[in-house]
Amino acid sequence: MLSPSGMRGRIDRLTLESECLKGNALGDPSAREVLVYSPAEPAGSLPTIVMLPGYGSTHQSVLNFRPFEPNAIERWDAQIQAGTAKPARIVLPDAYNKYGGSQYLDSAATGAYQSYLVDEVLPFVESKYPCRAEPAGRGVIGSSSGGFGALRLAIDRPGIFGAVGSHAGDAHFEVSMRPILTSAAIAIDRAGGLAPFIERVLQKGPKTAQDFDGIFVVAASAAYAPTLQRTDTKSRVAGNLAEEHDVPNFELPMDPETGALRAEGWARWLEHDPVVKLDRILQGDAPQGLGNTLKLVYLDAGDHDEHGLNFAARMLEERFTNLGIPVERSEFDGGHRHTSWRYAISLPRLAEALST
C-alpha cells in the first residue's frame with residue numbers, strides 16, 4: 001500500500017495472473033500489477049474509473065513524481081478532500097508490452113489486452129472492493145493512445161461502461177496518423193529495415209523523434225494489422241524470446257523504402273479508427289446499443305495538438321451526439337504533451353455522471 005505525502009486516500013498494489021495474456025506472442029508476462037486508488041473513508045460502494053496511459057507510458061507513469069507538480073492521482077485525492085469531486089475508485093492496469101503499448105486491443109501479434117481489461121481486471125477489482133459493479137458505476141478514461149483505448153472499450157463493449165473520457169485520443173487517422181507514417185518510414189529505412197530497427201530500439205530505446213514514431217507504428221501495426229501466418233524463422237526482435245516463440249507477423253501501413261501507403265495495411269488501420277467505428281454504427285453496419293448505458297462522453301484536446309487530435313475530438317463529438325449520447329467537449333490552449341492536469345477537469349465530470 002502506498003500513501004504519498006499529503007494524500008488521505010491509499011494506493012494498493014495488486015497482482016493479477018491473467019489467463020487472457022498467458023502465452024502471448026511477444027512473451028510478455030501474464031502476471032500483471034494492478035494499482036487501485038481508494039479515497040479515505042469511502043461510504044458504501046463506489047464508482048470505478050479505469051485509467052489508461054498513453055503510448056510509451058505504463059500504469060506506474062501516472063504516479064510519477066514531477067517537481068512542484070502533483071500527479072493525476074494526487075490532484076484527484078485533493079479534489080475529493082476539498083469536496084469538489086465525488087469520490088470514485090481509480091484503477092490503473094498494466095497493459096504495456098515490448099513494443100511500448102498494446103493500444104488496449106486484442107491482437108494475435110501482441111495479446112488479448114481488451115479482453116484482459118474487461119473480462120479479468122474489472123471482475124478482479126470488483127471482487128476485492130465495494131464497487132458499483134454495473135455499467136452505471138463504471139467509467140474508463142485515458143490520454144492519447146489511452147484515450148483511444150477508452151473510446152474503443154466503450155464502442156466495442158457496449159453495456160460495460162457508463163461514462164468514457166478521452167484526452168486527445170487517437171482518432172480521425174487520415175489526419176492524425178498519416179504524417180507519422182512518413183516519419184516512421186524514415187527511421188525504419190535508416191536502420192536498414194524493419195527487423196534491425198525493432199531490434200535496435202528494443203535494445204537501446206528510441207533516440208530521436210523519428211525513432212519514437214517508428215516504434216509507435218510498429219506497436220500500432222501489431223495491434224491493428226496482425227497477419228494470420230507465423231514467421232518461418234524464430235524472432236530475433238523480442239529480447240530473449242527467440243528460442244521459445246514464433247511471433248506473428250503484422251502488416252505495415254506504408255512502404256519503408258518509399259513512404260508510400262500500402263493500401264491493404266492502411267485500410268486495416270482505418271478499420272480501427274474510432275471515427276470510422278462510429279460511422280459504421282450510424283450507418284447500421286455495426287452492432288447497435290452503444291447509447292443504452294453511456295451517460296457521458298468527455299472529450300478534449302489542445303487547440304494546437306501536434307497531431308490534429310482537436311479535429312478528431314470535434315468529429316467524435318458530432319458522431320456521439322448523432323447517436324443521442326451526451327457529450328462534453330473542450331479545446332484548451334495547449335499541445336499534445338504534458339496535459340495530465342486535464343484529469344482534474346475530466347475525472348470529476350465522470351464521477352458526477354457515475355454517481356447519479
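This is a predicted model: local features need pLDDT of at least 70, side-chain atom pairs count only at pLDDT 80 or more; totals for chains, interfaces and linings use all residues.
Colleague: How many aromatic pairs does the count come to?

Modeller: The count comes to 10 aromatic pairs, and the pair of Y224 and W269 can be set against the definition, since its ring centres are 5.1 Å apart and its planes stand at 85 degrees.

Colleague: What makes the pair of Y224 and W269 edge-to-face?

Modeller: Ring centres have to lie within 6.5 Å for a pair, and planes over 60 degrees apart count as edge-to-face; with 5.1 Å between the centres and 85 degrees between the planes, Y224 and W269 are therefore an edge-to-face pair. The pair also links distant parts of the chain, for Y224 belongs to helix α7 (residues 209-224) and W269 to helix α8 (residues 263-270), 45 residues apart.

Colleague: Why is α2 called roughly perpendicular to α3?

Modeller: Helix α2 (residues 113-128) and helix α3 (residues 145-156) pack at an angle of about 65 degrees, with axes 11 Å apart; the class roughly perpendicular takes angles from 65 to 115 degrees, so α2 counts as roughly perpendicular to α3. Their crossing is right-handed.

Colleague: Which residues make the contact of α2 with α3?

Modeller: From α2 come Q114, L117 and V118, and from α3 come R152, L153 and D156; by class, this contact has three nonpolar, one polar and two charged residues.

Definitions and conventions. Residues are numbered from 1 along each chain as its sequence is written. Side-chain values use heavy atoms; hydrogens and water are left out. Rings of Phe, Tyr and Trp (its six-membered ring) pair if their centres lie within 6.5 Å; planes under 30 degrees apart count as stacked, over 60 as edge-to-face and the rest as tilted. Helices (H or I, at least four residues) and strands (E, at least two) are DSSP runs, numbered from the N terminus. Axes are lines fitted to C-alpha atoms, for helices over the stretch in contact, and angles run from 0 to 180 degrees between N-to-C directions. Angles under 35 degrees count as roughly parallel, over 145 as roughly antiparallel, 65 to 115 as roughly perpendicular and the rest as oblique. A crossing is left-handed if the near helix is turned anticlockwise from the far one by less than a right angle, and right-handed if clockwise. Contact means heavy atoms within 4.5 Å. Ala, Val, Leu, Ile, Met, Phe, Trp, Tyr, Cys and Pro count as nonpolar, Asp, Glu, Lys and Arg as charged, and the others, Gly among them, as polar.
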